[in-house]
Each structure stands twice: as C-alpha cells, then as structure tokens.
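Here is a short briefing on one protein. Look at the sequence and the 3D view, then work through the points below.

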Amino acid sequence: MIFEKISEMNYTKRLTPRWIIFIIDLGICFSSLLIAFYLRFNLSIPALYLSKLLPLIICILAIRAVSFLIAHTSSGIIRYTCLRDIELILTVVASGSLTFVAINVVNMFFIDGKNIIPYSVIIIDFVTTSFLMICFRLLTKTLYYEFMHPSKQKTNMIIYGTGEFAMLTKRALDLDNLAQYKVVAFIENSKRNVKKTLEGIPIYHLKDLSLVVSKYSATHLIIAKKNIPNVFKNDLVEECLNQDIKVLTVPNVEQWINGELSVRQLKNIKIEDLLERDAIHLDDKQVRKQNMGKVILVTGAAGSIGSEIVRQLARYNPQKIILLDQAESPLYDIDLEISEKFNFHDYEIILADVTDLGRMN
C-alpha cells in the first residue's frame, strides 16, 4: 500500500522531459516517412528513390526538427493535451509539408526540373504524421487519466438534454482531469433522438430513466437544458429523488469562466430553482425578536417539517422549546441532534398524540 502511494505521488509529480517527447515526435516522423514511401510505391520502393532515401529522410527530419523546436510542440504537458495542442500539431506539420512542396517547386523550375519528393508521399506523410502525433498525446492522456481515476472509482452521470448546452457540459466533464465523473447516457423528453448516440453516448427517453439508472448504476443527473418549464422541472427532480439520484444544474453561459464551463460550477439543485417566484428572505432580526425568551410548542417535532422548525428555532435562543410527537425513535433522534449539533439544551421532550384532547390539556 505504501509503495503504491509513493509510486502514485511520483507519477503525478514527475513530468516527461521535453527531449524525450521531441525524440518520440521525430521517431513518429521517421516511421511516417517510411509508411508514406511504401504505400506510394505499393511496398516496393524503386531503386531511383531507394538510393537517395537515407539523405532524403535526414533532410526531411531536419526540417521537421527545426519546425518542432520553433513551435515548441514538445513543451506542452502531454497529460493535459487539449484542442489547442492538436491545432498546433496540425499547423506545424502542415508548415513542414508545405516546405517540402516549396523545395519541389524550386528544384523543378530552377535546378534540374524534377521533384525531389513525390507529392503523394508528402500528402501521405502529412496525414500519417499528424495522426500518429495526435494519437500519441491522446493515448498518453487517456492512460494517465485512467491510472489516476480508474473507471470503478468514477461517478456515473446522466445528462438531461441533447443540445449544444448538453454537449458543452459533457466536454467540460471529459476535459477536467480532476473530475471523477463519467457521462453514461443522455436523457430527453422527446422521441426524436432516442436510440441515437452523441459522441458514442446513447440517448434515452425520459420515461426510461429508471432503466438507465439501473443499467449504468448512475447516481447523478445534470440538467443541461435551457428554458425548462418549472412544472416539468419539478416533476423531473421529484422523479430523480424517487430514484435516489442527485440533481445538478449548469449555470447560465454568462457565469462561465472565460467563456468555458468548469466542473466546479456544477451545483446541487436548490429549492429556489424549483420555485416560480423569487425565494422569500426572512427578516432575521424580526424573527429573533419574536422568539427570544418565549416558550414555544412544536407539534410533530420529529417529522421532516417539524424537525426543521426546531432546528431553526434553536438559533434564536427561545426560553424553551417543547418538542411533541408520537413517534418515539425519530423524537429521540432530534433530541440528540439539537443537544449535540446545535448545543441547545433549553427544551423538553413530550411523547404524546395531538388528537388526545385530555393529554393536550
């Protein structure tokens, strides 16, 4: 166990030296060139090119090396590869391929009237080099992410919505290396896209929510859709609660950081989000004035509403709170909670039924 912890710490803190990435990139370029020549000539390179292949490869690799050094393609941290890194690779590899084209043009019109490198080889080399360099980075990122966050430790998420808002939410989850979330399904209240997929993730109808939860062991649902009617949102949240699913919401685009959604901005849905009006804010001073020094009887004190009333009252220092309920065990639980958690002791527990008139008197 100790060895595993040390290995994990070393793995996360150690960064691959740039020169190793640089050598790997050149190795990819070398392999791509050979692949390009063999594909161009049907696995049999003519003697005309074979005799000049070695100096040609050295020349091409030198051009690639210079372009990589100028653009700093090996300076990025591989495990955090993003779209900008991929764009940089495509740009740099394309610029090198255009340099090969320029060499051909110069040689054709000003030297000996021949192409040094077949244009088909240049095209195949560009595609192969770009593909392998991008795959190398993405594979490294994937292996690192799986090592740090094994699939069995990830939280399976369902996204409600299939529009752009939902896609941006999924990509934010995918790109956040520290998040332990995995999108397993999309849900929507329309049959239009059911049985289709988005980036390989299946789309289900809302009525199949229980099936999806059971099939993927999902524990969270993210509402990633704009302008949902409050009545429908209430029904959706209630259904999720019945399925023991936590509901998260995505903030408005205006609240995103630098125009991008952060996983840390996902919040548990609040009761205010389900109201068709603004939440009512109590006048704390007035409430304290009304309750301070009073003896207050709370019936049904062990229930969900009654117990919350007791918790709120304990903050206002009443003279005494009388907790009345006929449920003995829940009454004992709220007894422990307000004495230990709220450190409030001015209360009395009464086990009674409010329908018993004599007992109430």
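Which residues in α4 meet which residues in α5? In α4 they are I60, I63, R64, S67, F68 and A71, and in α5 they are L88, V92, V93, G96, S97, T99, F100 and I103. Contact here means heavy atoms within 4.5 Å.

This is a predicted model: local features need pLDDT of at least 70, side-chain atom pairs count only at pLDDT 80 or more, and totals for chains, interfaces and linings use all residues. Residues are numbered from 1 along each chain as its sequence is written, and side-chain values use heavy atoms, with hydrogens and water left out.

**Overview**

- The protein has 13 helices and 10 strands. Helices (H or I, at least four residues) and strands (E, at least two) are DSSP runs, numbered from the N terminus.
- The protein has 361 residues, and 39% of them count as buried. Buried means under 20% relative accessible area, exposed means over 50%, and partly exposed lies in between (1.4 Å probe, protein chains only).
- Take the contacts between residues at least 6 apart in sequence: 68% of them join residues at least 24 apart.

**Helix α4 and its partners**

- Helix α4 covers residues 53-71, and helix α2 covers residues 18-40. The two pack at an angle of about 140°, with their axes 10 Å apart. Axes are lines fitted to C-alpha atoms, for helices over the stretch in contact, and angles run from 0 to 180 degrees between N-to-C directions.
- That angle makes α2 oblique to α4. Angles under 35 degrees count as roughly parallel, over 145 as roughly antiparallel, 65 to 115 as roughly perpendicular, and the rest as oblique.
- The α2 and α4 crossing is right-handed. A crossing is right-handed if the near helix is turned clockwise from the far one by less than a right angle, and left-handed if anticlockwise.
- On the α2 side, the contacts come from F22, D25, L26, C29, F30, L33, L34 and F37. On the α4 side, they come from L53, L56, I57, I60, L61, R64, A65, F68 and L69.
- Helix α5 covers residues 83-110. α4 and α5 also pack at about 140°, with axes 10 Å apart. They are therefore oblique to each other, and their crossing is right-handed.
- L69 sits in α4. It is exposed, at 52% relative accessible area. L69 and F22 are 47 residues apart in sequence, yet 8.4 Å apart in space, C-alpha to C-alpha.

**Helix α8: two faces**

- Helix α8 covers residues 209-216, and its residues L209, V212, V213 and Y216 are buried. Seen down the axis of α8, the buried residues fall within an arc of 100°, so they line one face of the helix. The arc is that of the directions from the helix axis to the C-beta atoms.
- The face turned away from the buried side carries the exposed residues S214 and K215.
- What do the buried residues of α8 pack against? Their partners are β1 (155-160), β2 (181-188), β4 (201-205), β5 (220-223) and α9 (230-242).

**Positive phi angles**

- D244 lies in the loop between α9 and β6 (246-249). Its phi is near 60°, again positive in a residue other than glycine. D244 is exposed, with a relative accessible area of 68%.

**A buried lysine**

- K170 lies in helix α7, residues 164-175. Is K170 buried or exposed? K170 is buried, with a relative accessible area of 6%.
- K170 touches I159, V183, F186, E199 and I201, not counting residues up to four places away in sequence.

**Cysteines**

- The whole structure has zero disulfides. A disulfide is a pair of cysteine sulfur atoms within 2.5 Å.
- C29 is buried, at 2% relative accessible area. C59 counts as partly exposed, at 39%.
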